Amino acid sequence: MNTYATVVLAAGKGTRMRSNLPKVLHFLAGAPLLAHVLKAVESIPSTSSFAPLTSSVSTHRPIVVLGHEASQVEEVFGDRCHYALQHEQLGTGHAVLSAQSAVDALDPLPETVLVCYGDTPLVRSELLAQLLVEHLAHRATVTFLTAMADETSDFGRIVRDSSGRVREIVEVKRATPEQKRIKEVNSGVYCFDREWLWSVLKALPRNPSGEYYLTDLVGIASAQERVIETVTGTLDEGIGINNRVQLAEAEQVLRRRILERHMYAGVTIVDPATTYIDDDVQIGMDTIILPGTMLSGNTTIGSSCRLGPGTTIDQSIVGDRCVIRNSALEEATLEEDVSVGPFSHCRPGAYLARGVHVGNFAEVKNSRLGEGAAMGHFSYLGDATVGDHTNIAAGTITSNYNGLTKQKYRTTIGSNAFIGCDTILVPPVVVGDGAMTGAGSVVNRDVAPDTLVVGVPARLLRPLHPSDDSSGEHDEKEKE
């Protein structure tokens, strides 16, 4: 079976970013620059363009060529990649040659080497697949990606002869005025025949700047009458990120792609200009996203939800038919038919079961609310477990942090319980099924099932029964 290896060049210092962070680790749409390139590379075999080769061509984990702060990059991506080290920054040709040992150590040995850059996050897997297919179909020595641009572009120009055959790539600073008027430019993604690549790179002369340029290989292949093919893509797919202005421009392009992907898949986005969705977010059909909403991280949203306005959801799971208004979720889980907000906050570890209602100005942290539970407004639940169909009235808080022991303790509230307004629960404490607390109670000891406690500290007032319709219980519910 034919195989190919991918070499991703990521050794540059990125001095124009003016940062202590390696350039390829700067974030774009929720992920490092390099992560977007790796995702495109890893997705090649699953694209429709690659389908004719699926049974005959295989690949390996990508090889990333590192230099500046290599350990930081390796720490982020771990064994997702193989790594090679470019000790000196002597140009793109030298960077690829630095990967030779890593490529030649692969088993089976690849016949083709795909080369791309770690700072070009807009390149698509579909286009990379087209490049490989074209290269293998024509048994080419070199196949590379081009685009169309205007005269002001700083991309290298593609020089062709009268028959349309590629003769060389001329860098802008070496181009003549006539060559600068050429609209076809180099996007910097290549496929090479592996054996030819190593032999030519080892003999490649330095250019006037003292570096070894990968672009010079095209002229050498042309002089040798080798087969050279090109694939034309869009200009943005070859854009490299060299400073924070370009990073922001790429962010706009990528975020628009993400929004369009979701809209074509059946998601309504009322105002794309004020909606921000990270690349890894998944959203079900018929969900409506209102203005000012941000979905980030590895977030999953179900179908027929309504999110926003002014909502942020990070690293969370939201089930079908949920409504979240003007609220924030982080590392939270919501089952189906849950409503939150406006102006509430689900912090890490919050778990809201089916049909839970959390109203306005409420906060839930590291707590589970059972099916059908309600937490209307102005309340805080931290490190708590709440049973099914329990009502948490306004002003309720769990006083879960003990300032003396510096520890947090857990509160457990049973099913069908009623926690009255302004109740303070001092854990560790258990409130039994069907129990009630009076307004303003401070509960610092366990409450038996089906009992009513009141006062500071809370004490037993009387037992309750399922058929009990006394005025005391009625009065408590009226206060809620």
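**Exercise 1.** Over which residues does pLDDT stay under 50, and how many contacts beyond four places in sequence does the model have for them?

*Solution.* Start with the scale: pLDDT is the predictor's confidence in each residue, from 0 to 100. It stays under 50 over residues 468-480. For this stretch the model has 22 contacts beyond four places in sequence, a contact being heavy atoms within 4.5 Å. Where pLDDT is low, the predicted coordinates should not be read in detail. For the whole chain, the average pLDDT is 93, and 97% of the residues score at least 70.

A note on conventions: this is a predicted model, where local features need pLDDT of at least 70 and side-chain atom pairs count only at pLDDT 80 or more, while totals for chains, interfaces and linings use all residues. Residues are numbered from 1 along each chain as its sequence is written, and side-chain values use heavy atoms, leaving out hydrogens and water.

**Exercise 2.** Is threonine 311 buried or exposed, and which residues is threonine 311 in contact with?

*Solution.* Next, threonine 311 counts as buried because its relative accessibility is 0%, and buried means under 20% relative accessible area (1.4 Å probe, protein chains only). Finally, leaving aside neighbours within four places in sequence, threonine 311 touches Gly292, Thr293, Met294, Ile324, Arg325, Asn326 and Ser327.

**Exercise 3.** Where is serine 153?

*Solution.* Look in the loop between strand S8 (142-148) and strand S9 (157-160). With 11% relative accessibility, serine 153 counts as buried.

Methods
Buried < 20%, exposed > 50% of the residue type's maximum accessible area, 1.4 Å probe, protein only. Helix = DSSP H or I, 4+ residues; strand = E, 2+ residues; numbered from the N terminus.
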